[in-house]
Structures are given as structure tokens and as C-alpha cells.
Amino acid sequence: GVIDSITVVPGDVVHAGDVIATVRAPGLQDLRSAATSLRAQARAARANYNRLKALAAQGIATRQELVNATAQADALDAEARGAAARLKNLGITGAESAGRSYELAAPISGVVLHREVSDGAPVLPDSVVVTILSTESVWFIAHVFERDLARVQVGNPASVTLNAYQDSDWDGKVSYLSNEVETDASTIAARIPLDNPDGRLRIGLFGTAQVVATGEVRPAAAW
């Protein structure tokens, strides 16, 4: 297809389902028609199976006829589901009216980081149109001094204070410790996931983490 228009720019906040672009696809109508046809065929095949099942119970239809009808109904059901899935992957449901364009919806809520294409650009099913960062939960990467590593373990509670919000603390737990020592500073990266329901936590903010370990509270140099 071809990008008709993109409705977002980097920095925009989007919610799942918001329209972020309109794509013109010459073959879209063929996909819609194929999906509609397969749904009709699948319904007819299933109705035929139910009819033969009733006749078989009366001894009128043969077992082989029923087996054949079952196989045909199952096959057409699978094809219809596949056609519907192809449209869904393009962000299209059966509710759209016929046409050669469709609206591309944001798959998640978050902040637009990058716009990867421009108006008029060709796109394929695997093309990236925009990059969206979910900010509902973020990672704070603390840098634990090598001498303190024995006191810090995955699962230790931690409290994070950011330079931008020094009157607020965010509580979390150490979820990961790097296997590699950063030789320049002799520190080990520790990941602390934090909930961010109000979006105050932004990428690149600096701060410190207080990690509870063996009954103590020890600071870790961090950003």
C-alpha cells in the first residue's frame, strides 16, 4: 500500500485504537471480497453438515457423506478465519465500508517516539510506520558499585528518587542484575521496574536508588 496521511508526530500521546495513519491499498477490496465469500461458503458448508447429520441420524445419509461434509465445513471455517485474520492484521474489521483505503490504529497506548515514513511512502505488511513507547511501566537502571554487589539481589525492594522530582519517591524491586561489569566505573547495572500511571517518568531522567539489602539501605549510583 501507500501512506495517504500520518496523523501523529513524535511526542504525541496516543491511546490504543487511535488512528495514526491512512493507507491506500489497491488490493484491499479483493481481500474484503475474498473474506466475505469465504464466510458465506463456510456458513453454507456448516448448514449442509447439520442437514446431513440429521439425515444420518434417520439412516438416510451415509456415514461417508457426513465425513465429507465435516471435512469441507472445517476447511472452509479455517479459510474464513485466515481471511479475517489477514484483514485484522491490517487493522480492519468487518465493520468498515468497502473501499481501497483503511485507517491504521495504534496497537498500544503510549508516546510516539519516531515517525518512520512520510506521506506518499510505499509500505508493506511488515513496514514500521511509527514507533510507540508504552509508558505505563518504565525501567530505572541503577548502577551498583562492585563492592556492594554481594548485598544486592534480584527481588530486593528499592526506592527511586529522581532529580526532577526530589520530593517524590517511586517504590519497586530489583528485577535484573547484569552479568557484565562496566569497567569504566566498576559498576553493575540493576533494573528496577516502576509503575508510571500519570506519565511523569520520562526517558533519560537521572536519579538515585536506595536498595534494601540484608537489613540495610544502601544507595546505588544511577540514571
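Biologist: What makes aspartate 74 and arginine 46 a salt bridge?

Modeller: The term asks for a side-chain nitrogen of Lys or Arg within 4 Å of a carboxyl oxygen of Asp or Glu. For aspartate 74 and arginine 46 the closest N and O atoms are 3.0 Å apart, so the pair meets the definition. The pair links distant parts of the chain, with aspartate 74 in helix H2 (residues 63-89) and arginine 46 in helix H1 (residues 28-57), 28 residues apart. Helices here are DSSP runs of H or I with at least four residues, strands are E runs of at least two, and both are numbered from the N terminus.

Biologist: What are these values based on?

Modeller: This is a predicted model, in which local features need pLDDT of at least 70 and side-chain atom pairs count only at pLDDT 80 or more, while totals for chains, interfaces and linings use all residues. Residues are numbered from 1 along each chain as its sequence is written, and side-chain values use heavy atoms, leaving out hydrogens and water.

Biologist: Which residues are linked with Arg46 in a network of salt bridges?

Modeller: Asp74 and Asp77 are linked with Arg46 in that network. The side chains of aspartate 77 and arginine 46 meet at 2.5 Å, N to O, and the two residues are 31 residues apart.

Biologist: Why is aspartate 77 called partly exposed?

Modeller: Buried means under 20% relative accessible area, exposed over 50%, and partly exposed in between (1.4 Å probe, protein chains only). Aspartate 77 has 21% relative accessibility, so it counts as partly exposed. Arginine 46 at 24% also counts as partly exposed, as does aspartate 74 at 39%.

Biologist: How do you know that aspartate 4 and arginine 24 form a salt bridge?

Modeller: Their closest N and O atoms are 2.3 Å apart.

Biologist: What makes E1 and E3 a strand pair?

Modeller: Two strands pair if DSSP finds at least two bridges between them. E1 and strand E3 (residues 19-24) have 4 bridges, in the antiparallel sense. Valine 2, for one, has arginine 24 as its bridge partner in E3.

Biologist: Why do E1 and E4 stand at the edges?

Modeller: The open sheet has 3 strands in the order E1-E3-E4, with antiparallel pairing. Strand E1 (2-6) and strand E4 (101-105) each have a single partner strand, so one side of each is left without a neighbour in the sheet.
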